[in-house]
Amino acid sequence: IVGHSAGGSAISSAAQEGGLCEVEPSNIVWSDASYGQWLDHAWSGCLSDTTVKLKLLVRKWDKPHVRADSFLKTISKTTVIKDRIDYKVLDRKQYRHGDIGNNALILSDLFGPDL
C-alpha cells in the first residue's frame with residue numbers, strides 16, 4: 001500500500017479503524033505523507049500489532065520529516081523497530097514533493113534495485 005502526501009491520512013484512518021490490518025499488507029509506503037500525527041495514530045491503531053514493514057520517504061526538513069523523526073523517537077523507546085521500518089530522508093535540492101510521489105515505488109525499493 002502506498003500513500004503519498006494526504007494519502008497518509010487515509011492510511012492512518014484505515015489503521016485506526018482496523019480494516020488496514022485485516023488486509024495484512026506486507027509493506028506500507030508513506031511517501032512524504034507523515035503530516036500531523038498520522039504515523040502515530042496508525043501505529044497506535046493497529047500497525048503496532050502487525051509485522052507490516054513501513055517505508056518512510058521524506059524530504060529533509062519538511063513537516064513529514066519532522067513528524068517522522070518524532071514518531072521514530074517515540075516508538076524506539078518502547079519497540080524494536082529496526083527490522084520493520086526503512087526510513088529515507090531525501091535531499092531537498094534533488095527532490096520536490098511531487099518527485100517523491102512520482103517515484104515512490106522506485107525510492108522505496110519495494111521491488112528491488114532493478115525496478
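I count a residue as buried when its relative accessible area is under 20%, as exposed over 50% and as partly exposed in between, using a 1.4 Å probe on protein chains only.

**Ground rules.** I'm working on a predicted model, where local features need pLDDT of at least 70, side-chain atom pairs count only at pLDDT 80 or more, and totals for chains, interfaces and linings use all residues. Numbering runs from 1 along each chain as its sequence is written, and side-chain values use heavy atoms, with hydrogens and water left out.

**Helix 3.** I took helices (H or I, at least four residues) and strands (E, at least two) as DSSP runs, numbered from the N terminus. Which residues of helix 3 are buried? I found Leu39, Asp40, Ala42 and Trp43. They sit on the same side of helix 3, because they cover an arc of only 165 degrees around the axis; I took that arc from the directions from the helix axis to the C-beta atoms. Next I checked what the buried residues of helix 3 pack against, and got helix 1 (7-17), strand 2, strand 3 and helix 4 (63-76). Contact here means heavy atoms within 4.5 Å.

**Ser34.** I looked at the loop between strand 2 (27-31) and helix 3 (38-45), where Ser34 is found. Is Ser34 buried or exposed? Ser34 counts as buried because its relative accessibility is 2%. Its side chain reaches the backbone oxygen of Pro64 at 2.7 Å. Skipping neighbours within four places in sequence, I listed its contacts as Leu39, Val58, Lys63, Pro64, Arg67 and Ala68.

**Disulfide.** I searched for cysteine sulfur pairs within 2.5 Å and got 1 disulfide. Cys21 and Cys46 form it, with sulfur atoms 1.9 Å apart. Cys21 lies in helix 2 (residues 19-23) and Cys46 in the loop between helix 3 and strand 3 (53-59), so the pair ties together parts 25 residues apart in sequence. I noted the link as right-handed, with 85 degrees about the S-S bond. Both Cys21 and Cys46 are buried.

**Cores.** For a nonpolar core I joined buried Ala, Val, Leu, Ile, Met, Phe, Trp, Tyr and Cys residues through side-chain atoms within 4.5 Å. The largest one has 22 residues, and Ile28, Trp30 and Phe71 are among those with the most contacts inside it. Helix 1, helix 2, strand 2, helix 3, strand 3 and helix 4 each give two or more residues to this core. Helix 4 gives the most, with 4 residues. Another core lies apart from it, with 7 residues, among them Val29, Leu57, Leu90 and Tyr95.

Definitions and conventions. Polar contact = N/O pair within 3.5 Å; in protein donor to acceptor, adjacent residues only side chain to side chain.
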